[in-house]
Amino acid sequence: MIITAPDEFNVPDLFIDVTGLLGMRAFLKCEQMNFAGSVKLKAARAMVTRAEEEGLLFPGMTLVESSSGNLGVALSLVAAARGYGFVCVTDSRCNAATIRLMTTLGAQVEVVTRPHPEHGLLGARLERVAELLRARPGHVWLNQYRNPANPGAHEMTTGPEILAAFPDVTTVFIGVGTAGTVMGCSAHLRAHAPGVRIVGIDSVGSVTFGAPAGVRHIPGLGAGVVPAQFRSAALDDHWNVPEADTVRMCRQLADRGFLFGGSTGTVLAGARAWLAEHPEARRGLCVAIAPDGGERYLDTLYDDSWVVERYGPHDDSEDTAWSSTRPTAGVLLPAGR
Ligand SMILES: Cc1ncc(COP(=O)(O)O)c(C=O)c1O
């Protein structure tokens with residue numbers, strides 16, 4: 001394969017067999033194998049292309065977007081390739097490595113640290129975007145929370161990719177942030193495989209499924225404001241996962257050599273908990289979506305002091321330990337020190 005632009009490459013058909021983890025035929029769809037390192041390349045590419053087709057964007061103009069990080073990286077890359085400026089408004093949950101990636105790709109990054117009194121950090125980000133648009137004519141907001149090209153990208157790609165690989169899929173577990181992935185996959189699956197159960201997974205503390213707002217530390221999933229494009233009818237069920245369970249799941253996966261980001265841990269922990277309450281679903285085949293890899297989270301999810309500060313010390317039972325149970329895990333000091 002030969003490409004000329006960084007957004008031309010993606011991997012549609014990489015799945016990990018996680019049957020052992022979930023206790024049923026289960027496959028994890030990996031979305032990080034592209035130059036943006038996450039599922040958000042699909043949304044970024046589709047939203048920029050749509051704005052171009054609608055005559056809203058010309059080289060030299062500047063994009064503005066609110067992002068927890070991954071869309072920001074993806075838009076940085078697409079903006080650089082197509083000759084646009086890009087201002088990303090993110091918040092204090094965004095990983096330092098993600099901010100470095102964006103600035104290295106030429107984006108300007110604004111980090112909001114004070115939550116909106118009612119709508120949290122997302123509310124504060126959206127307020128800052130509105131301020132920037134008022135102050136800077138010629139800036140264009142793609143608005144991933146209500147841009148039809150965001151779910152549209154998944155209706156055209158992720159949904160069909162799942163069915164192409166597993167025509168006999170019976171349950172799909174999808175994390176919900178802006179709801180682009182879940183709404184787009186749901187649209188495709190409802191039209192082409194209406195028997196498939198769609199289970200949305202989110203973090204405890206997110207308001208999207210109607211639960212009360214609470215403190216969250218892991219970027220990617222969750223919202224302090226229900227995303228405008230979210231429709232509960234697109235789901236058959238939903239599940240909220242405590243962030244401590246996310247960390248445990250991520251570390252269990254790392255122990256087996258698979259380094260994933262927080263929302264993958266959340267989706268798999270949610271799938272496991274949901275399946276425990278729905279044993280009948282185990283007779284089928286499930287697919288869960290992994291939105292990104294773990295390298296951007298080395299200083300957070302995979303850093304013991306970061307984890308203990310936020311979620312407290314682990315107890316001694318193997319199931320709840322934060323740290324690896326493998327004898328060689330951790331930094332090996334040279335002999336004699
Ligand atoms: C790591 C990660 N997981 C999950 C999501 C959620 O995807 P969506 O916005 O399509 O709901 C995002 C979106 O930013 C993300 O960055």
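Why does Val 199 count as buried? Select Val 199: with 23 C-beta neighbours inside 10 Å, Val 199 counts as buried. The cut-offs are 20 or more other C-beta atoms within 10 Å of a residue's own for buried, 12 or fewer for exposed, and partly exposed in between, with C-beta atoms placed from the backbone.

**Before moving on**

This is a predicted model: local features need pLDDT of at least 70, side-chain atom pairs count only at pLDDT 80 or more, and totals for chains, interfaces and linings use all residues. Numbering runs from 1 along each chain as its sequence is written. The protein averages a pLDDT (the predictor's confidence in each residue, from 0 to 100) of 93, and 93% of the residues score at least 70. Now select 333–337. The pLDDT there is below 50, and the stretch has zero contacts in the model beyond near neighbours in sequence. Where pLDDT is low, the predicted coordinates should not be read in detail.

**Stop 1: around Val 199**

Show strand 8, residues 197–203, which holds Val 199. Helices (H or I, at least four residues) and strands (E, at least two) are DSSP runs, numbered from the N terminus. Contacts of Val 199 outside four places in sequence include Phe 173, Leu 235, Trp 239 and Trp 274. A contact means C-beta atoms, placed from the backbone, within 7 Å.

**Stop 2**

Click Ala 288: leaving aside neighbours within four places in sequence, Ala 288 is in contact with Leu 28, Phe 173, Val 267, Leu 268 and Ala 271.

**Stop 3: helix 6**

Select 149–156. Six of the eight residues of helix 6 are buried. They pack against helix 2 (40–53), helix 7 (158–165) and helix 8 (180–192).

**Stop 4: the ligand**

Of the 19 residues around the ligand, Asn 70, Gly 177, Gly 220, Ser 263 and Pro 291 come nearest. Near means a C-beta atom, placed from the backbone, within 6 Å. Helix 8 gives the most to this shell, with three residues. Finally, colour domain 1 (6–30 + 151–297) and domain 2 (40–141): both give residues to the shell, so the ligand lies between them. The bounds come from an automatic or database domain assignment.

Note on methods
Contact = placed C-beta atoms within 7 Å.
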